[in-house]
Amino acid sequence: MTARTVVVVGAGAAGLSAGLLLARAGHTVTVVERDATPVPADAEAAGDWGRSGTPQTAHSHAFVARLRALLAEYAPDVLDGLLAAGVREVPLAVEPPPELTGPVADPADELVVLASRRAVLEWVLRRAVEEQGGVTVVPGATVRGLLTDDAGPAPRVTGVVLEDGSSLHADLVVDAAGRGSPVPDLLTEAGAGLPAEKSVSCGITYYSRFYRLTDPTTLPGRLNRGYTAGSSYDRYSGLVFPADNGTFSVTFGVFPGDRELRGLHVEEAFEAAAAAVPALAPWVDPAVATPIGDVAAMAGLRNRVRRLVGDDGRPAALGVAVIGDAAVITNPAHTRGTTLAFLSAVLLAETLAEHGDDPPAFALALQAALDRELLPWFTDSVAQDAVRVARWDPAEPTAPPTPDGTVSNGECYTAGLRDPLVWAAFTRLQNVLALPGDVLADPAVVAATRAVLDSGWRPDPLPGPDHAMLAALVADAQPARPSPRAPREPVPAAAG
């Protein structure tokens with residue numbers, strides 16, 4: 001394999017993962033990151049590492065079992081570093097749903113989730129990158145242009161131009177700059193005929209807040225949804241996400257246009273709402289936990305796909321790759337983003353090792369790998385969002401029907417609360433250990449799911465305030481508006 005010079009745009013989870021794996025494969029890597037926020041000195045401070053380019057760090061995360069498996073295989077030192085930094089492992093097979101009709105057969109060690117704040121995970125990754133030879137992180141560097149060679153039918157990228165006018169030459173430029181990446185526009189300016197991106201609204205806005213437990217050794221409530229606690233209620237959802245070092249977060253999901261619940265961004269309203277939901281209340285009890293941050297909002301969310309190969313099977317550009325959220329974004333509620341980011345970095349490194357000497361073959365092979373491993377999660381996320389929107393708002397169009405011979409994600413989830421075979425299969429799907437189509441179209445899973453649904457069994461819904469009650473709580477907790485000023489006395493006209 002020929003060693004390459006690589007520039008990675010973005011030092012989030014995808015960019016750091018790519019930088020680490022490519023450097024360990026023998027390439028020379030420069031990771032450029034526009035944010036210049038200093039890296040915390042220790043794990044204790046890492047949880048507060050806020051960077052303007054990663055607003056998602058202020059929201060709930062859980063890192064599913066596929067990410068843990070990938071780290072164990074490709075970067076075991078990073079996994080060890082996470083555990084040393086206080087990240088918790090949550091074995092899902094230890095406490096399966098109590099309504100199951102039988103034991104979980106042969107619980108797999110692979111069904112283990114990492115409970116951590118996003119900032120802590122990225123801090124451990126960043127330290128691993130900075131300690132790795134062959135890779136350099138350049139903070140405070142913004143990409144403003146691309147160096148290109150237009151000798152062929154598609155522009156070939158040969159480097160990047162930074163805001164200060166300096167250039168970095170490269171055999172490969174990797175776009176890992178997330179949903180706000182400048183690279184697509186720069187490619188279009190360079191003459192690349194990029195395929196139209198696919199973009200579908202998630203139909204949800206999130207409000208999150210972090211807390212620290214007084215007693216970090218004891219969880220205040222049961223994790224009824226595998227690695228989270230809570231449910232979907234009347235036109236809103238409320239979930240608890242345990243994290244590292246005795247911390248956890250609470251997140252409410254609401255319709256983007258829900259003006260009555262928009263007041264959740266106010267601290268008092270958020271606390272009142274959380275205390276009113278029985279599954280959340282034990283966690284936010286002031287005697288049990290203390291808030292360690294403000295309420296953060298995340299809106300404008302879309303499921304999105306960007307590709308570098310057109311429908312005609314031709315690369316739109318050479319010498320460039322796209323990974324992580326710059327390639328595929330799914331609803332963050334499904335907690336798959338970081339896993340797909342690391343997975344796409346693995347695919348990048350493997351494809352470069354096999355096709356690095358043939359840029360067109362590299363572009364086609366990487367796109368095929370991303371389509372195979374990432375696109376199914378976009379499709380699954382869009383389908384789940386459509387079902388939820390249809391359930392929360394009867395005025396919305398109904399969700400598309402499930403194809404014959406398959407079951408929906410929601411049907412599989414419900415049956416998995418009852419049938420051990422379905423639970424094991426669905427839990428692997430939720431943890432990105434099996435593709436949606438391999439589970440939802442599996443004849444044994446379909447038959448077992450249909451048997452549960454046809455029996456009429458359904459789980460008892462978790463209690464919680466309806467939308468009107470929650471809206472009233474939110475409204476009552478809003479700060480009082482100042483009284484209108486009394487009209488001023490008229491000023492006498494000046495004499496003369």
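What is the relative accessible area of N245, and is this residue buried, partly exposed or exposed?

A: First, a word on how to read the model. This is a predicted model, in which local features need pLDDT of at least 70 and side-chain atom pairs count only at pLDDT 80 or more, while totals for chains, interfaces and linings use all residues. Residues are numbered from 1 along each chain as its sequence is written, and side-chain values use heavy atoms, with hydrogens and water left out.

Now to your spot. N245 has a relative accessible area of 33%, so it is partly exposed. Here, buried means under 20% relative accessible area, exposed means over 50%, and partly exposed is in between, using a 1.4 Å probe and protein chains only. Accessible areas come from the Shrake-Rupley method with a 1.4 Å probe, and for residues only the protein chains shown count as cover.

Where does N245 sit? It is in the loop between β13 (236–242) and β14 (247–254). Names like these follow DSSP runs numbered from the N terminus: helices are H or I runs of at least four residues, and strands are E runs of at least two.

The backbone is worth a look too. Most residues other than glycine have a negative phi, and most peptide bonds are trans. N245 is not a glycine, yet its phi is positive, about 50°.

T335 is not a glycine either, and its phi is positive at about 55°. You will find T335 in the loop between β19 (328–329) and α9 (337–355). With a relative accessible area of 9%, T335 is buried.

A further positive phi, near 90°, belongs to G456, which follows helix α15. That helix covers residues 443–454, and its buried residues include V445 and L453.

For some burial in a strand, turn to β1 (residues 5–9), where four of the five residues are buried. β1 pairs with β2 (residues 28–33) in the parallel sense over five bridges; two strands pair if DSSP finds at least two bridges between them.

Finally, step back to the whole chain. It has 16 helices and 19 strands. Buried residues make up 51% of its 496 residues. The accessible surface of the chain comes to about 22000 Å², and 54% of that belongs to carbon and sulfur atoms.

Conventions:
The expected span of a helix is 1.5 Å times one less than its number of residues.
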